[in-house]
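Dear colleague,

I am passing on the structure we talked about, and my notes follow it. Please read them with the model open beside you.

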Amino acid sequence: MPATDARKAPPGSPVGPVRPRRLRRTPALRDWVAETELAARRLVAPVFVRSGRGEPTPVASLPGVRRFPVSAVGGHARELADAGVPAVLLFGVPASKEPDGRGAWAEQGLVPQAVRSIRRASPGTVIVTDVCLCAYTTHGHCGVVRQGAVDNDATVERLGRVAAAHAAAGADVVAPSAMMDGQVAGVRAALDAAGEASTAILSYAAKHASALYGPFREAEGSAPSFGDRTTYQMDPRNAREALREMRLDVAEGADLLLVKPALTGLDLLVRARRAFDVPLAAYQVSGEYAMVKAAAAAGVFDERAAVLELATAVRRAGADLLITYHALALARWLAEAR
Ligand code: PBG
Ligand code: ZN
């Protein structure tokens, strides 16, 4: 059979052979019909804030990622803003930890200090803060441990205090990440009671228990000292449950929803985009970044091309916002491409 037969129009078609390659012929045509937009304004940069002074310090497991002292974090936010990255997600890395994680809700704690210094140095930056206990507790769990188990309701009460301290410092958005039941309702009630009704909540609604958080735990020194997080983070086998978590969080007052990890959660993004009208974020977690860095360093692929493709896939699946350790590099690559 001649090759042309494969392109024959279906019977009854008035248009002749179908040739999708017509719109792939030149870069201009491809750009003109591209379905998915990736822009720096969609990006959120995770930022680690450490105690102490001096220069930013590197994180061994995350090449190119640094922990900033409070004195340098404002300048970093400014640098991000200048490159077009409008938002940061703050994580504290305290020098000392307590069994109950009390450093997390200290009014003059690391994150509140960082929020104030970013607000001064880069007034337009959208400041999101991670609300959890794991970086502040000696045991590394995300909540209050009683008799060897994480106490849900006691944890929710503490998360409310953490969120109120961040809001008082001027955070625009607080992001509870502990995966406790009722944490969005608890944080909303605590914020409202503290007179912070205009602070928004980004819910880590669909967060799978993932091996890909490994490098982050090194950055934070937050690996659990016993057990793991499978009694609170979701089983990666479950997608319907993820939708249920998101539905609950919207009902509890979440202003934005988050899916994480991004790469393993593309199906959840597709389904969440259809089911909910709130802004949807995806978190490309530390392990996703580390995989790309390692492969690029090994010469397996081009870092820039891989990062652009992975970020675009997250947008195509339905995420409005992308949290990524590549935010600054990505914003610069996008600016060059224009
Ligand atoms: C925990 C928290 C985690 C991340 C952010 N907050 C995961 C965990 O330690 O279980 C992961 C982020 C990343 O891997 O980049 N509250
Ligand atoms: Zn945590």
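Which space is the largest cavity? The space taken by ligand 1 is the largest cavity, a cavity being a set of points, on a 1 Å grid over the protein atoms alone, where a 1.4 Å probe fits but cannot get out, and a molecule sits in one if more than half of its atoms lie within 2 Å of its grid points.

This is a predicted model, in which local features need pLDDT of at least 70 and side-chain atom pairs count only at pLDDT 80 or more, while totals for chains, interfaces and linings use all residues. Residues are numbered from 1 along each chain as its sequence is written, chains are lettered from A and ligands numbered from 1 in the order in which they are written, and side-chain values use heavy atoms, with hydrogens and water left out.

Around ligand 1 there are 18 residues, of which Arg217, Gln233, Lys260, Ser286 and Tyr325 come nearest (near means a heavy atom within 4 Å). Polar side-chain atoms of arginine 217 and serine 286 each lie 2.7 Å from an oxygen atom of ligand 1, and one of tyrosine 325 lies 2.6 Å from an oxygen atom of this ligand. The protein covers 100% of the 400 Å² of accessible area that ligand 1 has on its own (Shrake-Rupley method, 1.4 Å probe).

The zinc ion (ligand 2) is coordinated by Cys132 (SG), Cys134 (SG) and Cys142 (SG), at 2.2 to 2.3 Å, where donors are N, O and S atoms within 2.8 Å of the metal (3.2 Å for Na, K and Ca). The 4 donor atoms around this zinc ion subtend angles of 97 to 119 degrees, so the arrangement is tetrahedral (all angles between 85 and 135 degrees).

Best wishes

Definitions and conventions:
Polar contact = N/O pair within 3.5 Å; in protein donor to acceptor, adjacent residues only side chain to side chain. 1 Å grid on protein atoms, 1.4 Å probe; cavity = no way out; pocket = protein on both sides within 12 Å on 5 of 7 lines; lining within 4 Å. Tetrahedral: all angles 85-135°; square planar, octahedral: opposite > 155°, others 65-115°.
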